Amino acid sequence: MVDMTAHQGGGGSELFSRGFGLAFPFLVAIAVSALMLLLIGENPFDIFTLMANEGFGSQRRISATLSAATPLLFTGVATAVCFRSGVFNVGVEGAFVLGGLAAAFIGFTAPAEWGAMIILPAFLFAMIVGAFWLYVPGVLLARLDVDEVVSTLMLNFVAFGISGYLVNGPLLSESSGNNVTPLVHEAAQLGRLLPPSTLHAGFFLGLFCLAAYAFWTRRTADGFEAELVGLNQRFSRAVGISIPSVIIMVMLLSGIVSGLGGASHALGQLHRFSEGFSPGYGFTGMAVALLGRNNAFGILFGAVLFGALASAGTTVQLFSDIPLDLVNIIEGTVMIFAVVELGRITLFRRRRAT
Amino acid sequence: MQRSAIAATTRTETPDKPKVRLGAVDIHKYYGSVQANSGISLRVAPGEIHAVVGENGAGKSTLMRILQGLEQPDSGAIIVDDVEVRLNHPQQALALGIGMVHQEFMLAPDLSLLENFVLGIEPANGPLGRIDWTTARGAGDALAGQTGISIDWSRRAGTAPVHVQQFVEIIRLLHRGARVLILDEPTDVLAPPQVEDLFNLLRGLRDNGTTILFISHKLREVMALADLVTVIRRGRVTFNSAVADTDAEIIAEHIIGEREEPALAVIDDRAPIDGTAETVLAVKDLSTPSVEKSHSLDNIGFEINSGEIVGMAGVTGNGQAELVECLVGLRRIEKGSLVHRGQDITLASNAARRARGLAFVSPDRSHEGLATTASVEANVVAGSHRSPPIARGPFLNRSAMRRVAAERLDRLGVTYANLSDPAKSLSGGNQQRLVFAREIAGDPSLLVVSQPTRGVDLNGIAAIHRILRTFRDNGGSVFLVSEELDELLDLADRILVIAGGRIVGQRDANDADMAELGRLMVLQDSADG
């Protein structure tokens, strides 16, 4: 009986501290922004109310927020898969961009008479391209101990270069302006859920990825191994887990999810590929994963939060004297405090190295 | 340096020469229920080289950490220059002239040797506080010159050879006014000629008035270098003498100690081995080169039969860790072979060896034996997570996982609050029982166990010994590496002695004599000529 109560008490406080850990960066960001607003003579309460309204005030606003959150669901999961395993993959951005390009390519080159069936090969090709893109640094890390931070970061620039060349050259649309591919066939476009908002069916695919990630972490032997490798490599090796296979596996999974995200963005949001396809979704995804502590619910929370900031930010300056910079300050502060977690990871990496 | 000299004059009645430069009086220190120091007293006179020797875990390092202000004793006093002081921080110790050279050097690897030398006390001039590198260089050269050594100061510390790093570390402390140097196993990282250089340097420093406290477990070095020797065993000083008045054998006996009665009544329930014993593991001519800091192994050969515990005795750092890693598949074997139940496993991976029935209790419980931040549940099922009933194809059956975990933990009586608690929330003894619960769950044929009772309290030790005996009595084989000769004599059927990466002796446990084993362990030079 005594044990039972102790158990419940312990579980409750753990839940509380976890929830607090998730909310902490956001709360600090609110406090810092409130200070900034006071300094420029605005009432923080009014502005935050306005922002909350712009983010969640109506069905239209909510769907705009979820639309902005959609790519972050993918990039958040793609990042978390690796971070959870102690693999510091920062190449989600590149895989996302190339996945989008691959899906758009199938979307406008496949015969139009295939109809909606085009979507399947488009997603498949995006997954293959994304997986291959991160497989390379995965193998380099697993077999040759090449630092994954450097290799994946650099590969992002290669991805920008490749996509930039293709979209300005061989794949350039003849009918449209600069730096965009032709539109994908209408049948290949993902359905809009709540027109006129741009929220599209890719949102559900993102939620599916999130659920699959949650299942993978809790209910698969691979997910179990990946977690142990992330917590202690020496231990994992000593109980017979192959570290190289785990590293390669999580990089492949990360690439597949990134590719899916790019495909969803290309077929659902833009209906084509364009230069500047991603305004840094891969990097915001890192903040989402860190903020969410690699937990599925945390990632959902983080993606919606950043989605709301992005969608509210563009309109909030229309209705107040507040410059868009305020939103950037909030985003930046959230990131900084989410990065406290990142500092812990790099510390862990350094210990692992010595 | 001058300042502290003046301070010493005002403090002491005999300004020129205090009787005790650094001393400890009746130091007690507990870590939880483990008593690391129980009443240690030590007197180091100015200008002597004083060696502190003892087995690993005897309490030497704890004492040094206390003398350096890294830890505070539970009771007892520290004396500096005949005056009792409190050391709450290494900075305070250094201000009183006590500096420590750690086993892991404290140099910033990306800075040059000169930058490291002056780091924190850079000579600066001008209103902008520009660092005066010429003065810094001069100070460094002057100190190095006194010891007859020249240094390439522009070299990055990280790329400098180990003995140069060590040298810079030493003169860096001198530059900060250290008059007492504490060196923790300083020769472990050095090659033999460099050891001689280090000793010459230390002798020179002593002759210039520096006091040196030198921790070692290598008797040869103590005999060669020290003026006085203090032996610590199980947290107590067991011997103290001028080196000139004693010899290595006497010191060795004090390090090993008399065989004490086991603290807990243990019935000798060693089962008679019947004639049908099968060879479970045959090690033939196993050799590996020394890589980085690892020890080489040289033509190791032995066999382990079913139903027996083969013990390995030796001073830590003589190749035991490397041998264990070779056996369990965590280190590549360069030469020789391993045969497990008739099948060659020399090239088999750790996972393949585990699948064949080999289990491993790591000496490094908190980094390799357990993932301390993972749950108790994950720790006790790891390795079995791919086989039923926990695995259903690629998926996990979480309720089966909980059930299996609880069964395994209950079988060995591990006390825990929740399966989801991190493993580090358990006590040392319970953590080790958890490791055993995982390792013997699959009914292995061979259990490779290294330092199973390190940091475990008496009850935990008794429980672990019971586990090992039961396992052996049920026909299992155990390879047991331990620093504790008592433990080996209690448990093992045969004892191998390793020194310098070679097996230097083998004794039947029934007629093994502790003093003789101890001599084999520490007097490696005379052991086999």
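How many helices and strands does the secondary structure of chain B come to? The answer is 19 helices and 24 strands, where helices (H or I, at least four residues) and strands (E, at least two) are DSSP runs numbered from the N terminus.

This is a predicted model, in which local features need pLDDT of at least 70, side-chain atom pairs count only at pLDDT 80 or more, and totals for chains, interfaces and linings use all residues. Residues are numbered from 1 along each chain as its sequence is written, while chains are lettered from A and ligands numbered from 1 in the order in which they are written.

**Chain A, coloured by confidence**

The average for chain A is 85, and 89% of the residues score at least 70. Now select residues 1-12 of chain A, where pLDDT stays under 50 and the model has 3 contacts beyond four places in sequence. Two residues are in contact if their C-beta atoms, placed from the backbone, lie within 7 Å. Where pLDDT is low, the predicted coordinates should not be read in detail.

**Gly55(A)**

Select Gly55(A), in helix 2 (residues 44-56) of chain A. Gly55(A) counts as buried because it has 23 C-beta neighbours inside 10 Å. The cut-offs are 20 or more other C-beta atoms within 10 Å for buried, 12 or fewer for exposed, and partly exposed in between, with C-beta atoms placed from the backbone. Not counting residues up to four places away in sequence, Gly55(A) touches Arg61(A), Thr65(A), Ala308(A), Ser311(A) and Ala312(A). Its C-alpha atom is 8.7 Å from that of Ala310(A), 255 residues apart along the chain.

**Two positive phi values**

Go to the loop between helix 11 (281-291) and helix 12 (296-319) of chain A, which holds Arg293(A). Arg293(A) is not a glycine, yet has a positive phi of about 50°. Asn294(A) lies in the loop between helix 11 and helix 12 too, and its phi is near 60°, also positive in a residue other than glycine. Buried or partly exposed: which is Arg293(A)? With 18 C-beta neighbours inside 10 Å, Arg293(A) counts as partly exposed. Asn294(A), with 22 other C-beta atoms within 10 Å, is buried.

**Helices 7 and 8 of chain A**

Show helix 7 (residues 202-219) and helix 8 (residues 221-231) of chain A, which pack at an angle of about 75° with their axes 5 Å apart. Axes are lines fitted to C-alpha atoms, for helices over the stretch in contact, and angles run from 0 to 180 degrees between N-to-C directions. The two helices are therefore roughly perpendicular, the term for 65 to 115 degrees. Trp216(A), Thr217(A) and Arg218(A) in helix 7 meet Asp222(A), Gly223(A) and Glu227(A) in helix 8.

**Core and interface**

Select Ala122(A), which is one of the residues touching the most other members of the largest nonpolar core, a set of 244 residues. Such a core consists of buried Ala, Val, Leu, Ile, Met, Phe, Trp, Tyr and Cys residues joined through C-beta atoms within 7 Å. Beyond four places in sequence, the contacts of Ala122(A) include Ala103(A), Ala188(A) and Leu267(A).

Next, display both chains: 24 residues of chain B are in contact with 18 residues of chain A. Helix 11 (350-355), helix 12 (365-369) and strand 20 (395-396) of chain B each supply at least two residues of the side that touches chain A. Helix 11 of chain B gives the most, with 3 residues.

**Last stop**

Select Pro389(B), in the loop between helix 13 (376-381) and strand 19 (391-392) of chain B. The peptide bond from Pro388(B) to Pro389(B) is cis, with omega near 5°.

Note on methods. Angles under 35 degrees count as roughly parallel, over 145 as roughly antiparallel, 65 to 115 as roughly perpendicular and the rest as oblique. pLDDT is the predictor's confidence in each residue, from 0 to 100.
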